[in-house]
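Got the model open and want a quick tour? Here's a short briefing on its pockets and one of its sheets.

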Amino acid sequence: MSLLRIDGLSAGYGNKTVLSGLSLALEPGRIMALLGHNGAGKTTTLKAAIGLLPACTGQISFDGARIERMAVADRVGLGIRLLPEGRGVFPDLSVADNVAVVAARNVSGPAPMFREADVFKLFPALDERRGVRAGSMSGGQQQMLALGLAILGTPRCLLLDEPSIGLAPNLVERLFDQIRALCAAHGMSAILVEQNVAAAMRIADDIVIMNNGQIVFAGLPDAARAANVWDYF
Ligand SMILES: Nc1ncnc2c1ncn2[C@@H]1O[C@H](COP(=O)(O)OP(=O)(O)O)[C@@H](O)[C@H]1O
Ligand SMILES: [Mg+2]
């Protein structure tokens, strides 16, 4: 059974329809690279998946249960986590306070996968900067913190919206290796929205390409490389 399944989803802003009849399936333990040029509807798809944007028509299922009418907080409770476009941190709070605030909300239940201490163990660079104002850190460190915040509690499905933006290539590689390792070690799935196609292809199990609110390719990386889909970039 797919972990996250979107069937015939239409969504948009006001009168403007952005997604029309979009369908995709994220399988357990897999990383899907969701690619496509600016304005294709990638962010809109992630927003609809976590409930920030209502679905006009269509179904969204998580672990076999329908969630398209569920509130954001309930979807987060199921383990769906969004790392938003831009820097997903509270810039004026210290690193420790960022982690504490999100932990207070998302760490619950008898055996959460990641508590505050686990995040600092996973990312020693954050541990060294506990007292530092998050907004004063480098882009790479802020993105690392954003990832740390996204996994607090028991995540099962990460929705990562262009985490590589503004990072030097070696940092992108390191961050993506960390994402890959986290998913592998904890059986998590991820949708990785990226403009950095090469970096995303390196860690993705599945490739989905969007254009104009629709999916124009879905398949394995080798098939994506072979197919004539690069016209979309
Ligand atoms: N808040 C909004 N209000 C109105 N239109 C929006 C809004 N956000 C995005 N759009 C439009 O929706 C389309 C898809 O945007 P988006 O999902 O952000 O694309 P991507 O993430 O692939 O770059 C674009 O035409 C964009 O202008
Ligand atoms: Mg976007």
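**A quick look around**

The largest pocket has a volume of about 540 Å³. A pocket here is worked out on a 1 Å grid over the protein atoms alone: it's an open set of points where a 1.4 Å probe fits, with protein on both sides within 12 Å along at least five of seven lines, and lining residues have an atom within 4 Å of a point. Grid points are joined across faces, edges and corners, and the volume is the space filled by probe spheres set on the points.

This is a predicted model, where local features need pLDDT of at least 70 and side-chain atom pairs count only at pLDDT 80 or more, while totals for chains, interfaces and linings use all residues. Residues are numbered from 1 along each chain as its sequence is written, chains are lettered from A and ligands numbered from 1 in the order in which they are written, and side-chain values use heavy atoms, with hydrogens and water left out.

**The largest pocket**

- Its lining is made of 22 residues, and Val76, Arg81, Leu82, Arg105 and Asn106 sit nearest the centre.
- Helix H2 (72–78) is the top contributor to this lining, with four residues; S6, helix H3 (95–106) and helix H6 (139–151) each supply at least two. Helices (H or I, at least four residues) and strands (E, at least two) are DSSP runs, numbered from the N terminus.
- Domain 1 (4–79 + 156–232) and domain 2 (88–150) each put in at least three residues, with bounds taken from an automatic or database domain assignment.
- Sorted by class, the lining has 14 nonpolar, six polar and two charged residues. Nonpolar covers Ala, Val, Leu, Ile, Met, Phe, Trp, Tyr, Cys and Pro, charged covers Asp, Glu, Lys and Arg, and the others, Gly among them, are polar.

**The second largest pocket**

- This one holds about 170 Å³ of space.
- Among its lining residues are Tyr13, Lys16, Lys42, Thr43, Glu85 and Glu162.
- H1 (42–50) gives the most to this lining, with three residues.
- Its lining counts three nonpolar, five polar and four charged residues.

**The six-stranded sheet**

- Six strands form an open sheet in the order S6-S7-S8-S3-S9-S10, with mixed pairing; two strands pair if DSSP finds at least two bridges between them.
- S6 (80–83) and S10 (214–219) are at the edges with a single partner strand each, so one side of each has no neighbour in the sheet.
- S7 (157–161) and S8 (189–193) run parallel, joined by five bridges, and Leu160 stands opposite Leu192 in S8.
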